[in-house]
Amino acid sequence: MPVQRLNHAVLYVRDVERSVAFYREALGFEVVMGMQGAAFLQAPDSSNDHDLGLFQIGEHAAPSPAGRTSVGLYHLAWEVDTLAELERVQAKLAELGALVGSSDHSTTKALYARDPDGLEFEVSWLVPATLLTEEIIAGRAAIRPLDLNADKQRYGAQTRGGVGVSTPA
């Protein structure tokens with residue numbers, strides 16, 4: 001059987017309590033299990049045992065050189081259901097000083113942020129399959145600035161994203 005989806009991610013962090021606080025405030029994750037130097041978090045409405053594991057390695061840890069001087073993971077991407085939720089997350093990430101960019105990939109509307117250890121992640125909304133056109137699919141060849149107001153007008157602020165793409169129709 002082929003791989004179906006990513007079940008969870010695990011990150012090494014300097015301070016697990018600081019990282020838990022960040023992911024709770026920024027994305028609404030909740031701790032489902034914790035122990036000395038580790039925590040396992042679940043995203044709101046997730047049915048996974050956990051979506052994110054955090055392991056503390058201490059304040060002495062150097063920044064990750066991935067992408068600069070070594071190979072390694074670039075970022076994780078989490079998906080939200082609506083453009084209204086993407087907009088809410090954008091405001092929260094900006095408030096926390098974590099938002100570092102945004103992009104319109106035509107079929108995907110994306111925010112980029114960094115956690116307290118500088119690890120990058122993405123939060124995105126995917127155009128549902130029923131709204132995909134040849135023009136939208138061809139648009140993936142270029143990256144444009146994100147315009148959430150225009151996207152909400154075009155697709156609807158409460159339209160459920162990813163249906164037929166990342167989730168069953």
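What covers the buried residues of H2? The cover includes helix H1 (16–27), strand E6 (99–104), strand E7 (108–114), strand E8 (120–126) and helix H4 (148–155). The views below show parts of this setting.

The model is predicted: local features need pLDDT of at least 70, side-chain atom pairs count only at pLDDT 80 or more, and totals for chains, interfaces and linings use all residues. Residues are numbered from 1 along each chain as its sequence is written, and side-chain values use heavy atoms, with hydrogens and water left out.

**View 1. Helix H2 and its buried residues.** Helices (H or I, at least four residues) and strands (E, at least two) are DSSP runs, numbered from the N terminus. Leu83, Leu86, Val89, Lys92 and Leu93 are buried (under 20% relative accessible area; exposed is over 50%, partly exposed in between; 1.4 Å probe, protein chains only). Just after H2, Gly97 takes a positive phi of about 70°.

**View 2. H2 against H4.** Their axes come within 10 Å and cross at roughly 165°. Axes are lines fitted to C-alpha atoms, for helices over the stretch in contact, with angles from 0 to 180 degrees between N-to-C directions. H2 and H4 are therefore roughly antiparallel to each other (under 35 degrees is roughly parallel, over 145 roughly antiparallel, 65 to 115 roughly perpendicular, the rest oblique). H2 contributes Leu83, Leu86, Glu87 and Gln90 to the contact, and H4 contributes Leu148, Asn149, Asp151, Lys152 and Tyr155. Contact means heavy atoms within 4.5 Å.

**View 3. H1 against H2.** Here the axes come within 9 Å and cross at roughly 140°. H1 and H2 are therefore oblique to each other. On the H1 side, Phe22, Glu25, Ala26 and Leu27 meet Val89, Lys92, Leu93 and Glu95 of H2.

**View 4. Leu132 in its loop.** Leu132 sits between E8 and helix H3 (134–138). Its relative accessibility is 27%, so Leu132 counts as partly exposed. Beyond neighbours within four places in sequence, Leu132 is in contact with Thr107, Val127, Ile137 and Val165. Ala38 is 94 residues from Leu132 along the chain, and their C-alpha atoms are separated by 41 Å.
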